[in-house]
Amino acid sequence: MSAPLLEVRNFTKSFPGVRALRGVSLTLARGEVLAVIGENGAGKSTLMKILAGVQRQDGGELLLDGERIEIRSVHDALARGIALIHQELNLADNLDVAANIFLGREPHRAGIMDARRLRREARQFLDAVGLDIDPSVLVSTLPIGKQQLVEIAKALSVDARVLIMDEPTSSLSSREAENLFAVIRDLRKRGVSIVYISHRLGEVKELADRVTVLRDGENAGELAREEIDHARMVKLMVGRDLSQFYPHQPHKPGDVALEVRALRTPANPQHEVSFSVSAGEIVGIAGLVGAGRTELVETIFGVTPALGGSIRLGGVEMVPQSPLDAIAAGLALVPEDRKQQGIVLGMSVRENVSLASLRRDQRHGFLNRPREAQLSAQMIADLRIKTPHDGQAAQFLSGGNQQKVVLGKWLALEPRVLLLDEPTRGIDVGAKQEIYRLMEELAGRGVAIIFVSSEMEEILGMSDRALVMHEGRIAGELQRAELSEESVLHLATGTHRTATLS
Amino acid sequence: MKKILGITGLLVVVCIITALASESFLSGYNLENLVRRTALFGIISIGVAFVIVTGGIDLSIGSVVCLVGCGLPWMLKTYHLPLPVALAVVAAVSVGIGLLHGLIITKLRIQPFVVTLCGLMMYRGITRGFTRDQTFGFGSDYGGLRVLSTGNIPLPFIKGFAIPAPWITLLVVAVLAAIFLNRTIWGRYLFALGRNEEAARYSGINTDRMVILAYVISSTLAGLGGVLFVLDVNSAQPVDFGNVYELYAIAAAVLGGCSLRGGEGSIIGVIVGAALMQVLRNMIMLTTTRTNIEFAIIGAVILLGVIADELVKRYAVRRRAAKALAGGQG
């Protein structure tokens with residue numbers, strides 16, 4: 001192989017409470033598609049943000065064309081020809097397509113924008129990504145797949161030689177994804193190097209020339225084109241065989257704990273959702289981003305009250321109007337966005353653990369401090385929360401320990417039904433396994449568990465049964481024996497995508 | 001406790017400087033007056049602290065002081081209402097204003113800044129309207145009530161200085177407020193929602209109700225302050241009675257350790273902050289002939305204090321983060 005275009009040597013990076021990168025290296029050749037895979041929290045996103053100039057590394061060096069360079073800002077990265085396409089797109093959707101492509105670099109004469117030239121030049125980059133749209137339409141009117149191509153066109157317009165794509169297919173339909181793959185292959189042919197980050201191992205197998213696997217902020221291994229297969233990738237990602245990683249035991253479901261009847265969520269009011277979960281059962285909810293999974297659990301929990309239908313819990317029929325109603329009925333929700341909805345970062349571990357149970361334990365409105373201290377001590381011990389003392393502010397804990405604090409808050413209330421929305425997002429592998437063990441243990445004690453996950457391995461590894469959502473409704477239900485990446489994707493995308501993937 | 005050390009130190013320093021610069025600072029008359037004003041401003045500052053803890057702001061305080069301070073003598077003099085009835089009206093109006101603010105802020109999701117800014121303009125305008133800009137006071141009547149503000153509690157063995165009566169009200173308010181904030185579940189809810197309203201709501205806290213409560217406490221204490229202020233000075237001009245008091249109150253709360261981002265604050269700190277504000281004003285009055293630069297000096301001192309506080313906080317966070325990294329992770 002000729003000298004690499006880009007070389008990362010021994011990157012390290014720490015955040016308060018977390019070592020995101022502990023010495024990561026990688027190389028990227030000209031015209032190569034390099035897939036970077038790893039579980040959430042492995043350090044992929046941090047690595048890419050450093051390359052794109054969003055963050056700076058604490059240590060390690062970066063070589064471009066064999067020459068040592070420093071990237072101090074996004075502007076710097078772009079000037080070197082490195083562009084990042086974010087998972088959440090970074091377009092100004094109140095502007096038209098052409099304006100977005102040239103944002104900050106508008107052709108102008110004495111400060112007056114040359115609109116005609118803008119459109120003309122935009123056209124040429126849109127053609128390069130196979131987008132046949134009018135450059136003067138507003139970005140907000142485009143479907144997400146086309147917005148992504150606009151973002152790629154924008155990257156090409158700054159002459160990007162290295163294109164970093166972070167989970168590009170996470171919100172695309174299968175047709176949009178196929179289209180994107182075609183564009184990627186075309187770019188590769190033209191000598192553009194692509195770093196492709198994805199959870200979808202099927203895609204990686206289809207697209208990548210080489211795979212670099214990260215685990216816990218370190219290089220876990222590398223696979224050449226001919227070595228890429230599902231089992232090898234998973235083994236490198238989790239550090240052991242899958243069967244050992246997920247502690248799943250089949251459960252004997254008890255009585256029905258939660259019954260959801262013709263529930264209509266404000267997000268997808270045209271569909272009625274019905275399903276039930278038994279005590280001691282773990283049910284996974286799979287689907288693409290935007291399929292309505294989070295909206296469903298939030299409606300069950302009363303965050304966004306249902307427009308119709310009801311839930312039946314412990315023999316009582318109800319429509320929760322607030323989390324308070326849901327909690328009173330025996331529900332608990334570990335929400336998707338831990339820092340926004342799960343934990344109060346500035347408060348101590350103790351205050352976070354007790355937040356939901358203060359009401360129950362109150363003494364005529366006064367705090368029950370001894371009870372509070374006892375509860376938090378118990379949760380710190382039971383969940384093995386790593387903290388110097390229970391007065392430590394939650395913001396200084398690692399992601400995994402923060403998530404355990406959120407779990408502890410709910411376990412203190414001894415819920416009958418536990419809803420978990422992306423329970424292991426952004427936490428390291430060790431903490432992940434502990435969360436899985438906890439789920440197992442709770443199910444063993446008769447708690448009904450519903451978990452939403454975008455990680456295929458997690459759905460396959462932990463579910464007794466999986467519900468797959470597609471565009472706001474439940475597209476199908478899979479028993480454990482029927483669960484496979486293909487069967488889940490098939491339902492999640494609403495098409496026969498499997499044929500093109502294998 | 002550590003937090004109010006800095007501000008208390010600043011208060012002591014400013015007191016010493018002023019005492020050195022002007023002999024009259026330590027005179028019994030000046031100190032008594034200073035302590036009295038501190039108590040009055042302390043009460044309205046505690047009110048706004050509740051709102052600030054939720055991450056909100058209440059700009060209407062000065063105008064509520066005006067409405068109540070002018071409205072009370074106006075009702076008594078113009079309509080000869082019995083005192084209990086007039087006080088009841090004043091209480092109802094004060095509570096009602098907070099309820100109105102809270103409901104608009106939580107149910108219609110309009111920013112507190114806008115809602116209470118409009119309140120600031122409306123309540124003064126309304127007062128000027130019904131009083132026709134005339135000054136109202138109690139004259140020589142209601143002496144028994146005025147003792148609440150003007151009275152003194154003599155100290156044994158000390159001559160020439162007595163504790164001004166508003167301190168009784170302040171102490172009652174402060175103790176109740178401190179107990180509420182630190183010992184009840186609702187106080188905890190206020191701190192939690194001030195730091196992260198969404199997480200508080202997801203934890204089953206009725207956040208809207210708590211926010212409304214904070215605005216009711218703020219306007220109620222502003223009303224109580226308005227009554228005590230007018231009892232003290234015995235003459236209220238609708239044009240400027242209570243003018244910019246909301247800023248004194250907010251500044252006192254911020255100096256006392258309340259973060260405008262919400263979720264932080266202590267009652268003792270707020271009282272020390274209110275005292276610092278009054279000493280600063282007193283210093284300017286005693287040591288210069290140009291009292292018109294008062295705002296410039298107060299503004300500068302607050303700015304420096306807040307910057308120093310932020311720098312210290314950042315340093316502490318960085319140190320703790322480094323410690324957590326070294327200890328927590330293997």
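How many residues of chain B are in contact with chain A? In this predicted model, local features need pLDDT of at least 70 and side-chain atom pairs count only at pLDDT 80 or more, while totals for chains, interfaces and linings use all residues. Residues are numbered from 1 along each chain as its sequence is written, and chains are lettered from A and ligands numbered from 1 in the order in which they are written.

Between the two chains, 23 residues of chain B are in contact with 32 residues of chain A, contact being defined by C-beta atoms, placed from the backbone, that lie within 7 Å. Two or more residues on this side of chain B are given by each of helices H8 (185-195), H9 (197-202) and H13 (294-328) of chain B; helices (H or I, at least four residues) and strands (E, at least two) are DSSP runs numbered from the N terminus. The largest share, six residues, comes from H13(B).

Strand S4 (residues 59-64) of chain A is joined to S5(A) over three antiparallel bridges, and A:Leu62 has A:Ile69 as its bridge partner in S5(A).

Strand S15 (residues 282-287) of chain A has six of its six residues buried, a residue being buried if 20 or more other C-beta atoms lie within 10 Å of its own, exposed if 12 or fewer, and partly exposed in between, with C-beta atoms placed from the backbone. On one side lie A:Ile282, A:Gly284 and A:Ala286, and on the other A:Val283, A:Ile285 and A:Gly287. S15(A) runs parallel to strand S20 (residues 448-452) of chain A, to which four bridges join it; A:Ile285 is partnered there by A:Val452. Five bridges join S15(A) to strand S21 (residues 465-470) of chain A, also in parallel, and A:Met469 of S21(A) stands opposite A:Gly287.

Helix H15 (residues 369-382) of chain A contains the buried residues A:Glu372, A:Leu375, A:Ser376, A:Met379 and A:Ile380. These cover an arc of only 130° around the axis and therefore lie on the same side of H15(A); the arc is that of the directions from the helix axis to the C-beta atoms. The buried residues of H15(A) pack against helix H13 (349-354) and helix H16 (399-411) of chain A, whereas A:Pro370 and A:Ala381 are exposed on the other side of H15(A). Just after H15(A), A:Arg384 adopts a positive phi of about 50°.

Notes. Pairing = 2+ DSSP bridges.
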